[in-house]
Amino acid sequence: MAYTRGNLAVKERARQEQVQRQRYRETTKVVTRRKELPLREKLLYLLTLVACIVIAGMLIGRYAHIYQINYAINTASKDISKLQTNIAQLKIQKERLENEIVPTAKQQGYVEPTREPIRVEKQAAK
């Protein structure tokens with residue numbers, strides 16, 4: 001550019017400032033704050049939370065009770081099976097002892113009674 005209308009360095013600077021002003025526009029943003037929850041709504045939320053906690057506690061309590069009952073059933077079943085095996089062993093022992101009664105009695109001097117009446121002799125008093 002030719003130097004015809006004054007100092008060009010000053011004019012260029014003015015143009016750059018105008019361009020920068022046009023490029024960057026100052027904006028403001030409106031920030032709105034949320035209002036606090038009303039007291040009734042807070043109480044409603046609190047009561048809902050308490051109700052959920054109470055229901056969860058009741059369910060957990062029921063499941064604990066069911067677990068205890070199942071545990072008692074399992075222990076009772078184990079005890080019953082042990083007692084049944086014990087009863088079976090005792091029945092076998094009973095049959096074995098019943099079969100040994102007659103030979104043991106004969107060995108110790110047992111005589112089978114006859115159809116004749118039993119006579120008891122009185123011994124003289126001394």
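## Accessibility of K42

Does K42 count as buried, exposed or partly exposed? In this predicted model, K42 has a relative accessibility of 39% and therefore counts as partly exposed, since the class in question lies between the cut-offs of 20% and 50%.

## Overall fold and surface

The protein contains two helices and zero strands, and of its 126 residues 0% count as buried.

Helix 2 covers residues 39–107 and includes L43. With a relative accessibility of 45%, L43 counts as partly exposed, and together with L39, L46, V50, V54 and M58 this leucine makes a nonpolar surface patch of about 570 Å².

## Salt bridges

The structure holds two salt bridges. In one of them, E36 pairs with K42, and the closest N and O atoms are 3.6 Å apart; E36 is exposed, at a relative accessible area of 68%, whereas K42 is partly exposed.

The side chains of R96 and E100 also meet in a salt bridge, with an N to O distance of 3.9 Å. Because R96 and E100 are four residues apart in helix 2, about one helical turn separates them. Both partners count as partly exposed, R96 at 43% relative accessibility and E100 at 38%.

## Annotated coiled-coil region

An unreviewed UniProt entry places the feature "coiled-coil region" at residues 73–100. In the model, the span of residues 73–100 is 100% helix and 0% strand, and its end C-alpha atoms lie 40 Å apart.

Terms used: Residues are numbered from 1 along each chain as its sequence is written. This is a predicted model: local features need pLDDT of at least 70, side-chain atom pairs count only at pLDDT 80 or more; totals for chains, interfaces and linings use all residues. Side-chain values use heavy atoms; hydrogens and water are left out. UniProt positions are given in the numbering used here, feature names are shortened, and annotations may be inferred rather than shown by experiment. Buried means under 20% relative accessible area, exposed over 50%, partly exposed in between (1.4 Å probe, protein chains only). Patches are made of residues with over 30% relative accessible area and no salt bridge: like charges are joined within 9 Å, nonpolar side chains (Val, Leu, Ile, Met, Phe, Trp, Tyr) within 5 Å. Accessible areas come from the Shrake-Rupley method with a 1.4 Å probe; for residues, only the protein chains shown count as cover. A salt bridge is a side-chain nitrogen of Lys or Arg within 4 Å of a carboxyl oxygen of Asp or Glu.
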